[in-house]
Amino acid sequence: MLNPQHLAVFATIIRAGSISKAALQLGCGKSLLSRQLAKLEQDLGARLIQRSTRKLTLTEIGEQVLHEAQRIDTALANIEQMAGQHQQEVKGRLRVTCPIPAVSRLVPVLMEFCRRYPQIDFALQVEDRLVDLIAEQIDVAIRVSHLEDSSLIARKLVDSQRILCASPAYLASAGHPVVAEDLAQHACLLYIYAGRANDEWTLLQDGEVKKVRVSSHFQSNNGLALVAAACSGAGIVLIDKLIVSKHLQSGELVAVLDNYQLPSGSPVYAVYPARDWLALKTATFVAFLQERLFTGV
């Protein structure tokens with residue numbers, strides 16, 4: 001009779017891309033996984049993977065077995081999650097990923113969650129790339145963007161507020177804008193999306209919409225680059241408050257035209273893989289994020 005655990009290990013090896021990476025994910029030795037894979041192939045009487053020094057390639061029967069092994073892997077995860085729900089204990093490791101600008105907001109919340117649930121530990125992966133949650137076995141991702149349709153579940157945390165800000169040095173040199181139209185006379189730092197700079201800024205005051213065409217000597221498709229330019233005194237930046245919260249607190253940047261309202265910035269989501277049974281630790285953590293994260297952003 002086949003060992004279901006060996007099938008689950010086989011699925012993990014393929015997802016990870018190598019036995020070494022799978023061993024790191026599972027927290028065990030390479031030799032143990034190699035033996036379990038060899039035993040599975042022996043029990044089936046067929047080779048599942050063609051091995052080379054560079055990659056693993058599935059054989060034809062390996063692809064068929066993988067399809068069924070993934071179902072078994074999911075079933076085992078569901079059983080583990082059901083057991084966790086039954087125990088009603090929030091414990092275990094939570095694998096979380098977030099973009100660089102969210103770190104300063106997220107880490108204190110993680111520490112608070114650990115204090116409330118001392119049997120939880122976190123593995124935080126900080127990435128600006130779009131992480132494959134299933135392939136990399138991530139429990140929850142924080143994403144600051146409009147989401148495309150996918151097989152993932154998304155829980156909206158907040159719409160990030162936007163802010164106009166500049167360094168004290170720039171304002172001392174160029175003066176403070178008083179009304180929205182003054183922005184046209186200032187150096188502005190522009191965000192580029194899909195090859196086009198956002199050079200028309202919208203501000204609202206007492207229900208009246210003001211659209212101002214601004215000019216710039218510095219443009220970037222990266223928010224952190226714009227923040228660095230603003231801190232160096234290059235001009236005024238229109239940006240999500242999330243990205244500049246610590247710079248505002250330190251005084252490196254100060255708000256300008258804060259008597260105006262700005263359209264909402266990028267929405268902030270907690271995203272996790274769709275599962276029949278959501279682990280109690282994950283469900284509790286997402287609820288905690290909705291309650292505590294990004295308050296006032």
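1. Start with helix H8. The cover over its buried residues includes helix H5 (103-116), strand E5, strand E7 (162-166), helix H7 (223-231) and strand E13 (236-240). Buried means under 20% relative accessible area, exposed means over 50%, and partly exposed lies in between (1.4 Å probe, protein chains only). Helices (H or I, at least four residues) and strands (E, at least two) are DSSP runs, numbered from the N terminus.

2. A word on the source. This is a predicted model: local features need pLDDT of at least 70, side-chain atom pairs count only at pLDDT 80 or more, and totals for chains, interfaces and linings use all residues. Residues are numbered from 1 along each chain as its sequence is written, and side-chain values use heavy atoms, with hydrogens and water left out.

3. Which residues of H8 are buried? They are Leu 242, Ile 243, Val 244, Ser 245 and His 247. His 247 sits in H8, which spans residues 241-250. His 247 counts as buried because its relative accessibility is 11%. Leaving aside neighbours within four places in sequence, His 247 is in contact (heavy atoms within 4.5 Å) with Val 227, Cys 231, Glu 252 and Leu 253. Just after H8, Gly 251 takes a positive phi of about 90°.

4. Now the sheet. It is open, with 5 strands in the order E4-E3-E5-E15-E6 and mixed pairing. Its edge strands are E4 (120-126) and E6 (152-159), and each pairs on one side only. Two strands pair if DSSP finds at least two bridges between them. On average, neighbouring strands of this sheet are turned by 20° against each other, direction ignored. Axes are lines fitted to C-alpha atoms, for helices over the stretch in contact, and angles run from 0 to 180 degrees between N-to-C directions.

5. How many bridges join E6 and E15? There are 7, and E6 pairs with E15 (residues 267-273) in the antiparallel sense. Val 158 has Val 268 of E15 as its bridge partner.

6. Helix H9 (residues 280-292) lies across E3 (92-98), E4, E5 (140-144), E6 and E15. H9 runs at about 45° to E3.

7. Look also at the hairpin. Strands E10 (residues 200-205) and E11 (residues 208-213) run antiparallel and are joined by 6 bridges. Gln 205 is bridged to Glu 208 in E11. The hairpin has 2 residues between its strands, and Asp 206 takes a positive phi near 55°.

8. Finally, Val 126. This residue belongs to strand E4. Val 126 is partly exposed, because its relative accessible area is 37%.
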